[in-house]
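Dear colleague,

Please find below the structure that I am handing over to you.

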2 protein chains.
Amino acid sequence: MTQHKSKGNKLVVIGGDAAGMSAASKVRRENPEREIIVFEKSSYTSYSACGIPYFISNTIPDINELIVRSPEEFREKYDINVHIQHEVIQVNTKEKKIKVKDIEGNKEFWESYDQLLIATGAKAYCPDVKGYNADGIFGVSNLRSGVKVEKFIEEEKPKKAVIIGGGYIGLEMAEALLIRGLEVTIINKSPQLMNTLDPDMGEKISEAMKGLGITVYCGEALNYFKTKDNKVIAVVSENRTIKTDMVILGMGALPNTGFLKGSGIDLGVKNAIKVNAQMQTNIEDVYAAGDCSETLDLTSKRPTHIALGTVANKTGLVAGSNLAGEKSVFPGVVGTAVCKLCSYEVARTGLREKDIESLGIEYVTGTIDSKTRAHYYPGAKDITVKLLAEKNSGRLLGGQIVGMEGAAKRIDVIATALTHNLTLQNIIDLDLSYAPPFSPVWDPVQTAARHLIKSI
Amino acid sequence: MTQHKSKGNKLVVIGGDAAGMSAASKVRRENPEREIIVFEKSSYTSYSACGIPYFISNTIPDINELIVRSPEEFREKYDINVHIQHEVIQVNTKEKKIKVKDIEGNKEFWESYDQLLIATGAKAYCPDVKGYNADGIFGVSNLRSGVKVEKFIEEEKPKKAVIIGGGYIGLEMAEALLIRGLEVTIINKSPQLMNTLDPDMGEKISEAMKGLGITVYCGEALNYFKTKDNKVIAVVSENRTIKTDMVILGMGALPNTGFLKGSGIDLGVKNAIKVNAQMQTNIEDVYAAGDCSETLDLTSKRPTHIALGTVANKTGLVAGSNLAGEKSVFPGVVGTAVCKLCSYEVARTGLREKDIESLGIEYVTGTIDSKTRAHYYPGAKDITVKLLAEKNSGRLLGGQIVGMEGAAKRIDVIATALTHNLTLQNIIDLDLSYAPPFSPVWDPVQTAARHLIKSI
């Protein structure tokens, strides 16, 4: 409950989603009297962007269910001065002020700050190719874009969709559009879907997606979009032209940091904001958190950019804690992610083979097939676990899971093991839970470790 | 692949289930030429005793599905000389020989060994009260007893069952008999069901069981059994007489070590065989593994007795490895266990409040309610997580989970954290997986850690 005394007291937060509002709420809890102003470009605060594919698929009928707290709630219950429809377009760190554009009022003004938190998130990446600005091309990185996609489907009744990029968002959107009855094609630059996994595991996902009736073209990049009356009508790749009524961009996320040009704030990987473990930028009194900032990969010890809700919430909380005068650190990530695709589950953590190779570490890999429950228990589903470990030491370097119901959450044990530098033997020795409805007597993660330890 | 050279080569294993056959198989893999003899009292080898309740409930229709490998398979494919229906009744460690009773042939003989592994498992505990030997009273600690229960239900068509003891086996059998249409009553000595959890978490299970239509009498001990024509007809507790057609014993497991009297082999907790981390007893060339042996509790640093398939498989493998001349250790357990009861899931690991108190450690506890998925995602179920941690340091000491589908396996992260001495802050910092179908953005385990860290 230490008040931040050494500095002026006005906190300005740019961005009103997970990281920004986690931080603002934390500061309010610790500093009940402090002035807190939030500028948010859209009309929404504190929502679950990860829920958008499930809104599009109508699994979640009402988009308001994705909103954790509204701007009104923050204003009234938390005394946080949230301005929606306000975009910050410039930061002057020397004079400690920011230039704000009131979108509805169509005016601009300068706002001063004593401490600043940048939490502007990331947007769907699209290369600057012919037609990229046409109607019918959508990113789904925020709630506004989710609403746009839903509106487009309702009003334009598209029959075909092309998804560019076979990562989490691309695949979740493929599922969503399939559920909505569209004919779905994915084009993907790398040779297999889910480039965050090794190609051998990605191949399983490519096969699974084809089995669901999705057309998958891997190993071919986007060339440009064909348009008519500024509407997208086809995607042209290196090898083919695919007619379509709409396009979803799933080529990754780019930090929203363009407005920081000239601010003196250092950018790093993918132009994400460089921060230390306290979420401080190189400029005093300027912090950053969430999808617009870099984070440390604990396994490679290299900076990385991870646009995920878990990291945004955690880094937001740590930034808020430090802004409130406490001392908190965010140690970093191991890159854990999980994804459901119809009846398939995919999970990954740590380094891929190519990451390990780039670090020059000698390694071994092993993959096993097992079941999610005792083989004789009804509902036992397939699970494939791949582990990657350092040669000789057996130190775990990464893990990947593809399977069906009950498979993916097992990645958490691997993530915990990775974070604390456990070896394959340590994993074998873990006292993991077992009963026939939950697992074989050797959990598949341990079976994978038992298999791989023979190779080290 | 080191052959065991310094000793004579004949390995005798007493007990042909998980621990014994894991060890024998491991020795066979490493020492292809070695003589291996197994004596097993029943007619079965290498089966899943944990699957018995699901056989009784007809969830698994064929008991053979519970058998991993038959005696014939071991003889023919593994060249392991398995003798079923052979009970070992005496061990002479001075002369390195054992006395074996051939049950079918009704004769006894002595067998010599160079190395001996004792893996005789455990049996259902029953106090020596009036009527305890009557027909209709069953333990379910091995496959033979499972077959007996099934036969009894088919032939005698019992309408009422009383289960004595509200631990895992008691509750799983309550579910099974409920599914078979019996009227089920549980009597339990401690004030709440599931004494391996703290009473506040056990209370949730008592409530859940009552909700399923099971009659639960807690806080009352068994006095004796009423019998007629040597059949059980009622259970008499301190407070009441409960008429019944059958009784299931769920009062815990006792190591099968009575035949070791006079052998010089040291026994410990509950008369389980004392072993070191290599699974060696105090007598040279005599090893023990599985439910008949002690193990080390890593959190309390005290010996304990855990009769679970996971531990039996692991200690069997370690014993086998050492018997084969390798060097392996079994570091110990944190006491992880999990259980499904109709739609409820229960899991626990580490120390309970009373365990911590007995160690004189200052501690804090905290319990949170959360959901198994994002709150808006269909199928999000209730989950309650309790964590126990050391005061000041925040070092994790234990965890307990009660919830519905998707709740229980989260105990594995807590078990991993416990094993490696992680703190609540370490848990908060973990990069656990998140997507709406799998978890809230803060996994319930982390939410529990965030809640509890305020108290340390």
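This is a predicted model: local features need pLDDT of at least 70, side-chain atom pairs count only at pLDDT 80 or more; totals for chains, interfaces and linings use all residues.

Residues are numbered from 1 along each chain as its sequence is written, chains are lettered from A and ligands numbered from 1 in the order in which they are written, and side-chain values use heavy atoms, with hydrogens and water left out.

Relation of the chains

Chain B is superposed on chain A by a rotation of 180° with 0.0 Å of shift along its axis, at an RMSD of 0.0 Å (least squares on the C-alpha atoms of residues with pLDDT of at least 70 in both copies). This is the relation of a two-fold axis. Within chain B, the residue that comes closest to the rotation axis is B:Val413, its C-alpha lying at 2.7 Å. Both copies use the same surface, since 100% of the contact residues of chain B recur in chain A (contact means heavy atoms within 4.5 Å).

The interface

Chain B and chain A each bring 59 residues to the contact. Between them they bury about 5100 Å², of which 63% is on carbon and sulfur atoms (buried area is the accessible area, with a 1.4 Å probe, that two parts lose on being put together, summed over both). On the chain B side, B:Tyr376, B:Asp431 and B:Phe438 lose the most area to chain A, together 15% of what that side buries.

Salt bridges

Two salt bridges are counted between chain B and chain A (a side-chain nitrogen of Lys or Arg within 4 Å of a carboxyl oxygen of Asp or Glu). B:Asp443 forms a salt bridge with A:Lys409, with 2.6 Å between the closest N and O atoms. Over all chains the count comes to 48. Within chain A, the side chains of A:Lys10 and A:Glu111 form a salt bridge at 2.8 Å, N to O. That pair links distant parts of the chain, 101 residues apart: A:Lys10 is in the segment before β1 (11–14), and A:Glu111 is in strand β6 (residues 107–112). Helices (H or I, at least four residues) and strands (E, at least two) are DSSP runs, numbered from the N terminus.

Helix packing

In chain A, the axes of helix α1 (residues 18–30) and helix α7 (residues 309–323) come within 7 Å and cross at roughly 35° (axes are lines fitted to C-alpha atoms, for helices over the stretch in contact, and angles run from 0 to 180 degrees between N-to-C directions). Residues in this contact include A:Ala18, A:Ser22 and A:Lys26 of α1(A), and A:Gly316 and A:Gly320 of α7(A).

Yours sincerely
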